[in-house]
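Work through the exercises below with the model open beside you. Try each task before you read its solution.

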Amino acid sequence: MIQRDGANVSLWQKTVDPYEPIHTTAPGRNFDIIIIGGGITGVSTALQLQKSGKSCLLLEAHTLCFGTTGGTTAHLNTLLDTPYADISKNFGENKAGLVADSVKEAIGLVSANISAYNISCGFEDKNAFLFARDPDQEKELEKIAEAALKAGVELDYATEIPASMAFTKAIKVRGQAKFIPTRYVHGIARAFESAGGIILQQCQVTGAKENEQVELETGMGSFTCDAVVYCTHIPPTVNLLHLRCVPYRSYAMAVTLSDEQYPADLLYDMYDPYHYYRTEIVDGQPYLIGGGYDHKTAHEENAEQSFLKLEAHLRENFNVKEVMFKWSSQFFEPADGLPYIGKLPGHSSIFTATGFGGNGMVYSSVAAIVLTNILLNRPDHYQELYSPGRIKPVAGFANFISHNADVVKQFAGKWFPHEDIETLSALSKGEGKVVKYNNQKLGIYKDEEGNLHAVNPICTHLKCEVKWNTAEKSWDCPCHGARYSPDGRVLTGPADKDLEQIAIKTLVEK
């Protein structure tokens with residue numbers, strides 16, 4: 001089983017063994033390009049660059065597919081979360097057509113990699129059905145369909161959908177697909193290594209300096225390269241993209257059905273937030289995978305309620321036999337509806353890919369295509385469209401990655417009495433919350449053995465106060481989406497420093 005960035009294990013991570021790289025140390029210290037992040041974006045980009053003749057090193061702070069790649073529901077879409085009507089309004093009809101072309105090309109790249117490297121990952125071409133349930137939704141559906149057709153998406157109206165849910169109008173979109181993301185990533189990771197690339201896991205980047213070359217400091221020593229690509233879902237530390245990308249949590253379940261009526265294709269309703277459904281057969285067992293109930297990260301007081309709502313919704317619409325897996329995952333919604341792929345504003349040798357919204361499975365391959373063309377100085381139709389350069393740099397954001405090297409240790413050398421904290425917090429096992437004690441705020445967690453753990457609840461990124469995530473048992477930042485384990489270790493960026501741990505001691509009578 002693959003470790004992940006939360007307490008709930010996904011179907012994809014449970015049914016795949018951890019990746020074992022060929023190398024445990026890098027044979028050299030200088031590379032053409034270093035890619036940071038071992039999800040689908042990082043590995044896809046690394047493979048494309050290595051195949052093109054570049055010497056590449058891929059660094060992952062945990063294990064491959066530890067984060068959102070292991071928590072996706074793995075739809076491959078040309079019908080996007082941001083409707084083509086919105087893209088046309090914001091960027092023009094020609095650019096909407098380019099977006100459609102890019103995601104088609106991305107699905108083609110996934111399919112080509114699977115064929116080229118004989119990857120067994122459940123990939124199948126599918127249709128997608130988007131359906132309305134009331135007159136207002138019908139009007140919105142018609143607008144979505146019209147703009148998507150103009151952009152070049154293959155669709156028509158449908159009189160049936162592959163599920164027994166009531167609807168009033170529906171469209172069928174061709175050229176979509178699904179797969180098992182962890183098995184795909186492991187397959188292309190092996191291809192990357194076979195081509196000469198190096199993967200180092202459990203290797204966190206702790207600093208970067210941009211001079212004639214980029215110098216990276218990591219837990220495994222220093223490395224240099226001509227260019228760095230951050231494929232970490234959101235770039236670390238402080239930069240302009242944190243002001244343009246909003247973190248969201250989404251919830252998913254894999255269930256079995258008593259009537260075996262698993263939908264053959266992909267399904268989406270039109271509520272806000274919408275529900276989405278599909279089937280996957282994993283090791284001979286079919287599962288209905290449903291998702292929804294998105295909300296801004298750390299803006300839901302009881303995240304566990306989202307799982308309860310999702311389960312109730314699935315039981316209302318399908319004959320659910322048993323909930324086998326449930327998990328949540330994080331994505332970043334871009335301000336104008338399109339990802340940011342390319343050179344980080346204010347930098348010459350640092351590149352990034354972020355802001356994929358709910359379509360990370362296709363935009364990851366768009367990023368691999370675009371970044372490879374940029375770094376090889378090839379012509380590309382999509383560079384301007386997705387360029388982070390559409391955000392203009394401002395003073396104060398040039399010091400990428402180095403701003404928080406010295407985190408203030410507010411509680412250094414202090415300790416708090418176990419008895420007082422336990423009385424104050426009144427926690428159940430597995431529960432956490434922020435409490436106030438002697439005018440100090442503490443993040444308190446009680447583990448399953450009844451032991452108390454305390455952290456400074458101030459996020460090390462930009463000093464927002466973290467909130468306890470009841471569903472994933474993590475400290476989540478409501479400002480920019482940094483997430484930490486119960487004892488304060490960084491799970492996901494943009495933070496790159498752990499929360500400060502606070503000593504709690506039992507009073508001993510003399």
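## Exercise 1: Pairs along a helix

Arg315 and Glu311 are about one helical turn apart, because four residues separate them in helix H7 (residues 304-317). Helices here are DSSP runs of H or I with at least four residues, strands are runs of E with at least two, and both are numbered from the N terminus. This is a predicted model: local features need pLDDT of at least 70, side-chain atom pairs count only at pLDDT 80 or more, and totals for chains, interfaces and linings use all residues. Residues are numbered from 1 along each chain as its sequence is written, and side-chain values use heavy atoms, with hydrogens and water left out.

**Task.** Find the distance between the closest N and O atoms of Arg315 and Glu311, and describe the exposure of both residues.

**Solution.** 
- Step 1. Apply the rule: a salt bridge is a side-chain nitrogen of Lys or Arg within 4 Å of a carboxyl oxygen of Asp or Glu.
- Step 2. Check the pair. The closest N and O atoms of Arg315 and Glu311 are 3.0 Å apart, and the two form a salt bridge.
- Step 3. Place the residues. Arg315 is partly exposed at 39%, and Glu311 is partly exposed at 24%.

**Solution.** 
- Step 1. Glu140 and Lys143 are three residues apart in helix H5 (residues 135-151), so about one helical turn separates them.
- Step 2. Glu140 has 32% relative accessibility and counts as partly exposed. Lys143, at 43%, is also partly exposed.

## Exercise 2: Salt bridges across the model

**Task.** How many salt bridges does the rule give, and which residues do shared partners join into one network?

**Solution.** 
- Step 1. The count comes to 23 salt bridges.
- Step 2. Look at Arg489 and Asp487, whose side chains meet at 3.2 Å, N to O. Arg489 is partly exposed at 42%, and Asp487 is partly exposed at 26%.
- Step 3. Trace the network. Salt bridges with shared partners link Arg4, Asp5, Glu472, Asp476 and Arg483.

## Exercise 3: Backbone exceptions

**Solution.** 
- Step 1. Asp272 and Pro273 are joined by a cis bond, with omega about 0°. Pro273 sits in the loop between strand S12 (266-268) and strand S13 (276-282).
- Step 2. Gly493 to Pro494 is also cis, with omega near 20°. Pro494 lies in the loop between strand S25 (490-492) and strand S26 (501-505).
- Step 3. Cys65 has a positive phi, near 70°. Its place is the loop between strand S2 (56-59) and strand S3 (75-76). Cys65 is buried, at 2% relative accessible area.
- Step 4. Gln202 has a positive phi of about 55°. Gln202 falls in the loop between strand S7 (198-200) and strand S8 (205-210), and is partly exposed at 48%.

## Exercise 4: The nonpolar cores

**Task.** Which residues have the most contacts inside the largest nonpolar core, and which helix gives the largest share of this core?

**Solution.** 
- Step 1. Define the core: buried Ala, Val, Leu, Ile, Met, Phe, Trp, Tyr and Cys residues joined through side-chain atoms within 4.5 Å.
- Step 2. The largest core has 88 residues, and Tyr84, Phe179, Tyr184 and Tyr386 have the most contacts inside it.
- Step 3. Helix H8 (residues 360-375) gives the largest share of this core, nine residues.
- Step 4. A second, separate core has 26 residues, among them Leu57, Ile198, Tyr230 and Cys245.

Note on methods: Buried < 20%, exposed > 50% of the residue type's maximum accessible area, 1.4 Å probe, protein only.
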